[in-house]
Amino acid sequence: MIDGNGARVDELVDRLLDDHPPGESENIELWGAQYDRGLAWVWHPDGFGGLGLERRYQGRIDRRLEAAGASTENRRINLLGIAMGAGVLDAHATDEQKRRWLRPMFTTEEIWCQLFSEPGAGSDVAGLATRAVRDGDEWVVNGQKVWTTLAHLAKWGMVVTRTNPDVPKHEGLTYFIVDMESTGVEVRPLYQITGEAEFNEVFFNDVRVPDENRIDAVGAGWRVTLTTLMNERLAIGGSTVPRASGYIGQAVEVWEREGIDDPVLRDRLLQLWAEAEAARLTNIRANEMATAGIPGPEGSTGKLAWANLNKEITEFTVDALGLDGTLYPERYRLARPERFGLHEPQKAYLRTRANSIEGGTSEIMLNILGERVLGLPGEPRVDKERPWSEVLRG
Amino acid sequence: MAENVVSYRPTEEQDLIRSTARRFLEERIPLERVRELMMSDDGFDRILWKEMADLGWTGLTIEEELGGAGFGPIELSVLLEEMGRMVTPGPFLASAVIATTVIQQIGTAEQQAELLPPLAAGERIATLALFEGPRQWDPGIAVTSASTDSGGWVLSGEKRFVLDGHLADTLLVTASGREGMGVFVVSPSARGVGVTPENVLDPTRRQATIGLDDVVVGDEARLGAGDATAALRRALSLGTTALAAEQVGGAQRCMEMSVDYAKTRHQFGRPIGSFQAIKHRCANMLMKVESARSVANHAARVTEDEDELAIAAPLAGSICSDAYVWVAGENIQVHGGIGFTWEHDAHLYLKRAKSSSLLLGSPAHQRDLLGRAIGI
């Protein structure tokens, strides 16, 4: 069914493709034009990469662009900017800030990263300790962030800092966009259990950040942080994978290739296949209900379900390999990862251990489901009313 | 592979079926009444059955020309989900779902015109007499035999685990003979038929053993023609799909009971739902319920696509069975001691859950069917 807005975006996409035929124009040029014509984030206002339409038209635009062979790789290359940073700017930034940051973000000329977690603030991210102290028109930032994706490639970092330690933890936070090329920013690779460094540790030593890079009010950092995390969830929940793809597809492939004939392993594989398919169907149902404007609890279960499944499936696959499961596809070496996508089973087994930790631990996800979806009471909080500086940490 | 194309969004009609069912079941068969029926001799309330017939339920999926409401599997699953919430007793699954489906799948137009209207009207109850052994769910094998007699058939054997066999006016007996597997319409009052009610784990859903001692039936008693194995498998797939919806409703209700209790029960000066040990249990219930709902909804939406149903039905059967049994068990744990009492309703759901998970094929059997369908 095509409504008036659908027809309008279709026409704009057609014209964009006419003016910048895929394959003939540079991606950056195409993405720039896409932004200028309001087709980057269609729900943003006019002039900021959007047309002020409902969010659901974006899928239609992207599908049509992809079908015509136009690249939407920018959404992967600048994942944290386009999926999360843009939402933060849209909701909290001044027009001047949006004008400065949105376009080069979308064209990937400026890569973004997000700096929330700290060695002493994991699940309790609001307890973070990185300090920002005002000095005239600038702020001086000191502290350490961790698990920062893309920090080594990023121009801009979304940083939450503590600006007032003498109020309860949620009230003393302020959010900045920090130039990652500033003096005093040090990015070190963080080697994970596969030996690869997908992430970084970031150190701030007397980094000076102009006040014009502050997002929203002083002390409003928690609000902006929540917007960021909400956009992260929207981005994760947005895609639907084909049946029996990903790691369950790999498990089936190993099963067939190895010609395994073991009734116990077969039942286990079928159990995992069924659970993966159930999670996939839940994802489809959630997307349909969300698009229809009647979102329900089904929209909140995906992250937790896939974390468990990825861990169990890759463990199964290594078991199915038998003694081959004790071999590793390559010699361990400490390096940046060279490619993305599915890993070999043994490496996948290691990598997926983080799925129940990254982006919210499964325990925190269960709390969220219990408290926000089921309405169960929260834990009594010893840090709730006390100034952050008096709370035990680390 | 085929993808789901039918929307998950409920239609107005489906919403109406749901709200009507919820009101009727809560008013007419609240759990106090369920308890009376589960302790009664036959577990059946004829007046309620007639009221359900008047609401169009007993003929929900029977076409309108034959006195039914002409709805499809999605509407059926909406109604069954509500019945699952209330552990509604009676022969609905046996008669209005499984036996009706078997007649629709196998019967000739003439046989359907004869057998279905009284079922739709709630005047007769039918059930499928298929199983013979405790772990033999495949309808392709039967020891019960059908030998040809002059102008008819002679049936011999024993059928077990026959749902509501003690109530049925019409038995649909599977037996092998000439032309392979056949389904025969048998009256329980025919000479040589012995009906023995069983004691059952879930007293809201009864079973009987049916003895067939050289029972003579006419040629017209055989439903359709040819080997009925494929049609029976399809009927069981549809039954599994319907049962999955009932399981979702029961699991959802168990989760709600636990969540309500966790909000109000206080220990150590706090509602127990504020402890992560309980909160996480409840959140995991939600995970299972939503997962079960997805596969049950999917199966009900693909019944027209034979290849996809061969995947979706056992998928729903295994996931929903496991989910309901798990949630019903956890519900008792969340309630602690009170959850183990006869007085509390938790055991009604546990018994229904465990029994349902085996009725049409254990989860492992369903996974075996799934494996065959996807080539694993």
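## Where helices cross

**Exercise 1.** Work out how helix 12 of chain A and helix 8 of chain B are oriented to each other.

*Solution.* Keep in mind that this is a predicted model.
- Start with the axes: those of helix 12 (residues 362-373) of chain A and helix 8 of chain B come within 8 Å and cross at roughly 85°.
- Angles from 65 to 115 degrees count as roughly perpendicular.
- So helix 12 of chain A and helix 8 of chain B are roughly perpendicular to each other.
- Now look at who makes the contact: helix 12 of chain A brings A:Leu366, A:Asn367, A:Leu369, A:Gly370 and A:Val373, while helix 8 of chain B brings B:Gln276, B:Lys279, B:His280, B:Cys282, B:Ala283 and B:Leu286.
- Sorted by class, that's six nonpolar, four polar and one charged residues.

**Exercise 2.** Find which element gives the largest share of the side of chain B that touches chain A.

*Solution.* 
- Take the whole interface: 33 residues of chain B are in contact with 35 residues of chain A.
- Elements of chain B giving two or more residues to this side include helix 7 (229-264), helix 8 (276-301) and helix 9 (306-335).

**Exercise 3.** Describe how domain 1 and domain 2 of chain A meet.

*Solution.* 
- On the domain 1 side, six are nonpolar, four polar and none charged.

Key: Residues numbered from 1 in each chain as written. Chains lettered and ligands numbered in written order. Predicted model: local features only at pLDDT ≥ 70, side-chain atom pairs only at ≥ 80, totals over all residues. Contact = placed C-beta atoms within 7 Å. Helix = DSSP H or I, 4+ residues; strand = E, 2+ residues; numbered from the N terminus. Axes fitted to C-alpha atoms, helices over the stretch in contact; angles between N-to-C directions. Parallel < 35°, antiparallel > 145°, perpendicular 65-115°, else oblique. Nonpolar A, V, L, I, M, F, W, Y, C, P; charged D, E, K, R; others polar.
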